[in-house]
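Here is a brisk report on one chain.

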Amino acid sequence: MKLIIAIIQPYKLEDVKDELYKAGVNLITVSEVLGHGRQKGITEVYRGAKETGNLLRKIRLEIAVNDSFVEPTVKAIIKGAKTGETGDGKIFVVPLEDCVRIRTGEKGAVAVG
Amino acid sequence: MINTGDTAFVLLSTALVMLMTPGLALFYGGMVRKKNVLGVLMQCFILLCLLSIQWVLFGYSLAFFPSQGFTGGLTWFGLRGIGLDPNPDYAATIPHHAFIAFQMMFAVITPALIIGAFAERMKFSAFLVFSILWATLVYDPVCHWVWGSGGWLKTLGVLDFAGGIVVHTTAGIASLVAALVIGKRKNLDHNTPTPHNLPFVATGTALLWFGWFGFNAGSALGANSVACNAFMTTNTAAAAAGLTWSILEWIRNGKPTIFGTLTGTIAGLATITPASGYVTVLSAVIIGIVASVVCYIAVGVVKPKLGYDDSLDAFGVHGVGGIIGTLMVGLFATKAVNPSGANGLFYGDSKQFFIQLFAVGVVFVYTLTVSFVLYKLVDLFMRVRVSEKEELMGLDLTQHRKRAYTVLE
């Protein structure tokens, strides 16, 4: 089991969601976050973000998957989020110790679904 | 002879109507996604600036200089030669400038109504060019025909108390054209956009309802009994329509919503507008109910079937409301309310209904044609729609380099 955390451009969320659905990944958590990487908070289109101390608005996806889904998920995120410009984001793949479905108490691979 | 009561009333009504454009900005602004809210507010406020200038330079002259021509012409360019004395053609008891100011606010809000149709995807520069051309070539001529001294529809006897034809039919039809020409918003099929701030929509509706008293009662151009009648019919129709829409939703969707109730009141207000000074208060109840039922069908049934994307229902609420309201003048008008009006079909005279029908038909065709040509023309020279990437990122950032909301702080 892995936890995939991806930071992407907000306007690419719809494309990434489409690609994930195509890859059979339906269980995702989305949040709005701020941060900056190599682009240091300044790009042509995000000049307005000066107000928040040069931090850019990004979308964070969290997706827990079983091992066989790791590659397809990563590929789907790249396909949806890539523009080739600085600021496209990053994907982190983290080992996941356990997962519990609250409703049933199921654990592990079954719970990841 | 200047009457101070009338003058005070018209000036205050003017200020009320002015407030409707910012009200509309909130009404529409709350309905869009949060990445586009500043875009909508900006479009409304810039029209308040742009068209106020257009009006004093040449808009008023085109619309209101007495003439039997297509427009009033440019004799009053820059308000040249207009003194402070009353102009008995329009309002004999208030200074001419009070009338100009009152009409100016109508000229501002009419193009602003169209913003609802192309919301979330129109390029700001193209929007400015389109709006000024549309105000000059559609609003000003139609205003002259219906309200201008010597205007041919006015001479024909058409009744439009406060703008069912001049304001809501023109803006509504232009909205339909705009929605069709500019095309659907992206990702619409699997991701229905939800209003980002319904409390804004409620605040906007409150300001519109409040301002509408100036719009309709003020159209009597004097503090008199016709104004009081218009005040009552306006509130009554808004109330009946809001109530009706919420009941329709309750029956059809299981729950009444604030969004539906607000939409209903606006439909009622748009529909009573042409009739407010000619019908009884009881007729206004019926007009309000009919307004909600018809607009509900237009927005909830017809639009999804036809598949055009009138984002904020500028046509479905304002256009449809304005048209049925104008026709209902021909049914419900009575000289008992306003001796300078007419008797409608229900008061024994069928003639007025056909005059109303004819006028709506003419303005429908004229607005449809000219709006379409103007859109295509602006599109040819400067492309009316933003790029796909800009649309996804939102108009706030891409057109104005500003965001409405922060994440932290």
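## Overall fold of chain B

Of the 409 residues in chain B, 58% are buried (20 or more other C-beta atoms within 10 Å of the residue's own, with C-beta atoms placed from the backbone). This is a predicted model: local features need pLDDT of at least 70, side-chain atom pairs count only at pLDDT 80 or more, and totals for chains, interfaces and linings use all residues. Residues are numbered from 1 along each chain as its sequence is written, while chains are lettered from A and ligands numbered from 1 in the order in which they are written.

Chain B has 15 helices and 0 strands (DSSP runs, numbered from the N terminus: helices are H or I with at least four residues, strands E with at least two). The C-alpha trace spans about 60 × 50 × 40 Å along its principal axes.

## The α8–α9 pair

In chain B, helix α8 (residues 198–217) packs on helix α9 (residues 225–253) at an angle of about 140°, with the axes 8 Å apart. Axes are lines fitted to C-alpha atoms, for helices over the stretch in contact, and angles run from 0 to 180 degrees between N-to-C directions.

## Positive phi values

Most residues other than glycine have a negative phi. B:Glu120 has a phi near 80°. It sits in the loop between α4 (115–118) and α5 (124–147) of chain B. B:Glu120 is buried, with 22 other C-beta atoms within 10 Å.

B:Asp313 also has a positive phi, about 60°. Its loop joins α11 (281–306) and α12 (314–332) of chain B. B:Asp313 is buried, with 24 other C-beta atoms within 10 Å.

Definitions and conventions. A residue is buried if 20 or more other C-beta atoms lie within 10 Å of its own, exposed if 12 or fewer, and partly exposed in between; C-beta atoms are placed from the backbone.
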